Every structure is written in structure tokens, then in C-alpha cells.
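Trainee: Please take a close look at the aromatic rings of this structure and at what surrounds them. I would welcome one connected account.

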Amino acid sequence: MPNNKLVANQELHFFGDVCKNFDYAAQFTQHDSGLLDQIKSCNSVYRFRFPIRKGNHFEVIDAWRVEHSHHQSPTKGGIRYSEMVNEDEVMALAALMTYKCAIVNVPFGGAKGGIKINPQNYTLSELENITRRYTVELIKKNFIGPSIDVPAPDYGSGEREMGWIADTYATMNPGQLDAMGAVTGKPIALHGIAGRREATGRGVALAIRECVTIAEDMQKLGLTAGIAGKKVIVQGMGNVGYHSAKFLSEFGALIVGLCEFEGALYNADGLDVEAVFQHRKATGSILGYAGAKKEYKNPMLGLEQPCDILVPAALENQITINNIKNIQAKIICEGANGPTTPEAEAVFYKNGGIIIPDMYANAGGVTVSYFEWLKNLSHVAFGRMSRRFEENSNLNLVNMVEGITGLSLTSMQRSSIIKGASELELVNSGLEDTMIRSYHEIRETLHHNPKIDTLRTAAFVGAINKIAVSYQNLGVWP
Ligand code: NAD
């Protein structure tokens, strides 16, 4: 859980930054200015306060739910538990969700929630009270439901909180068959889906792998093609950061730096991600890990060490005009939402780098949330109906080929050909396909118009065009 005192820049310009990026991209589209304004605006902003009992006194909690766009239903987005959360931030994150869903072809509008608390300051039962009361407040205003608005985890929240939300929603909606589709990121035992926990980090790793595979683009950066041996620094060892680092190292990259709020580690020969994670779990800090060659008490120094790729996966506004000149990476892949300010991005591109933007890079979470929602609405796990049938067909085929050719496969070869796909394999393959296709869609937009100068602008242009078509199909716009 984060120490929120040390994180996040409190300046309230995140939504403005998202709109600035939108406006810049909008000039490369042909849409009516009113339609663009409709796409950009936050449709509904619900700000509320509710009391909870803490010890023998009451405390009033500030909370938000923002539904940015209703061009698709339901709306979708995580709930952030942080004492730094504010309305501007929730609006910005909701807007990013809209564009993100459009980029990866997930048929949702964008939304986001925020509860202004530091989870570390509350007992388990207080956190449960807060989460359940937050859910009740959303139910009262029709701001949650499988066809209305579907929350998910974000910074400071996870499966446990999503389980409480699902249970509260189901209790308040007796007999509603699709109640479990009112929230995603639930524990597997409570109608969650295999692979959701690690989906965002896996998506980040897939995005990077796809980007560095294209030799022509890597040549421009002075890098060789391929993920093997690429030096990576990851900021944040929470859900997104830890899984990004884990999958990147499984793909063959070298994790040379890891940063948390208490400090940073560096080793040019590579760090063992799992060992650092376990060390932090045991001691409460990444500092003191024996396999690091350098340690920094100031975590921001960790971002400035030599590497090919930097993955900010903690919070927004981490790479700014103040530190961009010290960043040595050639590629920034945004695991977090909004980690790079527009001014810093301009400098980074001018210096010859590229940024894989948040709206695409961290879309793995919402992609697998979409699969979870589909599973909840269909009331059957992926693969359940077809797995045995597939295995029997494959077995017949293998037997026939062996009979005709006289070849005999080893038992390992037989089982790898025959095996039907599990839910996890189907989820991972759907995620991989989504991340690869979407990257090429963005890259094509970038190359199609020489005036489009960044992957972010290309991603925005694609998203704006898709959302505009939805409005036109709804008959809302001529
Ligand atoms: P998390 O709470 O699991 O982890 C965040 C981690 O960042 C914590 O370990 C925290 O200690 C660390 N951190 C905070 N400030 C830091 C600093 N200054 N330097 C280094 N580390 C710091 O949250 P998460 O779910 O991993 O989310 C991280 C980011 O990814 C957020 O921007 C979130 O909006 C975005 N995101 C998350 C998901 C998801 O599925 N969880 C999906 C898309 C985007």
C-alpha cells in the first residue's frame, strides 16, 4: 500500500493536460467543433461526502465518481484510494478511460472514482465500511450497475475492495442475475477472471515488446530491435509496476532499476524482480537489498540512471520539465496514468526519444476487465464449453496423423498439441492480440499523416475518430 504523503504532485492541471493533448490531436480530425467539445467534456461529475465511525468518533470522507462519456454503455474505470485524490484528477482519469477504451476497441465509455483516504490509516473493518458505504452512495444515484457504470481497481485498491463492492451491489439488488457484472477486478472465487490481477502489467510488457520489435523505429533511436537485453527501469512496485517488471524480465529484458517511494535500486547487470519484491515484503523497504550495486534514498534519482526504457508505473506528474533533461532512457512507456507532463514530453521527443502513451500502454487492465464483464454476463467461464471437445478433436487428429505417417510423437509433444485452452490462456491470448493490434493501429495513424508527431497524438486521433463514429451512429450527431 502506498505512503501517499510522499507521492503525487498536488497541482491541479491533470484534466487540463489531457484536454490540451486532445485539442492538439483534434486538429488532425475533421469533426464539428461541437462534437469535439462533447467528446472532451466530462458528462457527469458526482462529488459526495459520507460519515464513517472511526474509534469513538465520526469522520467525514470525501469521494467522487465521474462518468466522462456515455457514447457507449456501461461506463468503466477504477476507484483510486488516496489522500491526494481530487476532482481534477478523477476527471482526468475518467477522460483517459474513454480514450483508452476506444483505442483497444473495448465498448465502454470512460469513468473513474476516488476516495480521499490513505488506506494505511484505517483498519480492515473501517476500509470495508468505507468501501461498502461508497458503493451504497453510488447505488442511490444510479452511478453503478452492469449496464450503467462498472468500477475496477486503481491505485490503492484491489481485489479485496472489488469483492466488497460486488457483495454490496448484489445485496442491494436482490434477484439481479447480472449483479456480478457491476464491478470487475474481483477475486476469482467471487466471479473474477484468471489473469486480471496481472493484466495491466502484462499489457505494458507486451506494448514494449511490440514497440522494440520494429527494427526501423529502433534504428532511429539508436537501439537494436528486440526485447532481449534491453535495460529497463521501473518506478512503482505495486500491481502495475511489479507485473510490468516481472513480464519484461520473462521476455528477456534486463531490469536494471526499481524505484519505490522510500528509495531506488540500480544494478547495470540486472536485478531479480521477485527477490526485490520479497525483500520489500519482508523488510517494508526496497532499500538494503543485497543484489543492488547502487541505492538512492531519493526515489526520483532512480529514474535518471542509464537505461533504454523507463516505465513510470506509480502516479501522474512524475516526469516533468524539471527532471526530463536527466532522463537517459530512449523510450518511456507509461504504465501509470499521466506520468509525463506535456512540456516534458515535448522535450523528450525533441531529444530523440519516444513515449508509448498511457492510454494505450496500460489498457491491458480494462481489456481483461471487459473479458471479466463478458464472463459475468454470460455466466460461464471461458473455455468451459469447448475445452474437452477441442482436446478430443485434437487427439483424433494426432492419432490419425500418426497412423498415416507412422510417426510417433513424444508424450510431451502429444500433450502440447492436444491440450485445450484454459481460461487463463484464452484471456492472455485475447490480451496479447489486443495489445499488438492496437499498437500497429496507432503506429499506422502516426505514419499516415506526417504532421502527427507523437504516438500519443496518433492514439488520440484514432480514439477521437472512433468516438465520433459512435455519436454519429447513436444519431446524436448528424
Ligand atoms: P498500486 O497502489 O498497486 O501501486 C502503486 C505503487 O507506486 C505503490 O507500491 C506505491 O508505493 C508506489 N509509489 C507511490 N509513489 C511513488 C514514487 N514517488 N516513487 C516510486 N513509487 C511510488 O497502484 P497500481 O494499481 O499499480 O496503479 C499505478 C498506476 O497505474 C496508477 O497511475 C493507476 O491509475 C495506473 N493503472 C492501474 C491499473 C490497474 O489495473 N491497477 C490499470 C491502468 C492504470
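Mentor: One aromatic cluster is made up of Tyr46, Phe48, Phe50, Tyr134 and Phe143; rings of Phe, Tyr and Trp (its six-membered ring) pair if their centres lie within 6.5 Å, with planes under 30 degrees apart counted as stacked, over 60 as edge-to-face and the rest as tilted. The model is predicted, so local features need pLDDT of at least 70 and side-chain atom pairs pLDDT 80 or more, while totals for chains, interfaces and linings use all residues. Residues are numbered from 1 along each chain as its sequence is written, and side-chain values use heavy atoms, leaving out hydrogens and water.

Across the whole structure, a search finds 14 aromatic pairs. Among them, Phe22 and Tyr99 form a tilted pair, 5.7 Å centre to centre with 40° between the planes. This pair joins distant parts of the chain, with Phe22 in helix α1 and Tyr99 in helix α3, 77 residues apart; helices are DSSP runs (H or I, at least four residues), numbered from the N terminus. Phe22 and Tyr99 are buried, that is, under 20% relative accessible area with a 1.4 Å probe, protein chains only.

Tyr360 and Tyr439 form another tilted pair, at 5.8 Å centre to centre and 50° between the planes. Here Tyr360 belongs to helix α11 (residues 358-361) and Tyr439 to helix α15 (residues 423-448), 79 residues apart. Both tyrosines, Tyr360 and Tyr439, are buried.

Charges also sit over rings (NZ of Lys or CZ of Arg within 6 Å of the ring centre and within 35 degrees of the ring normal). The charged end of Lys54 lies over Tyr122, 4.6 Å from the ring centre, and Arg209 lies over the face of Phe251 at 4.8 Å.

Definitions and conventions: Helices (H or I, at least four residues) and strands (E, at least two) are DSSP runs, numbered from the N terminus. Buried means under 20% relative accessible area, exposed over 50%, partly exposed in between (1.4 Å probe, protein chains only).
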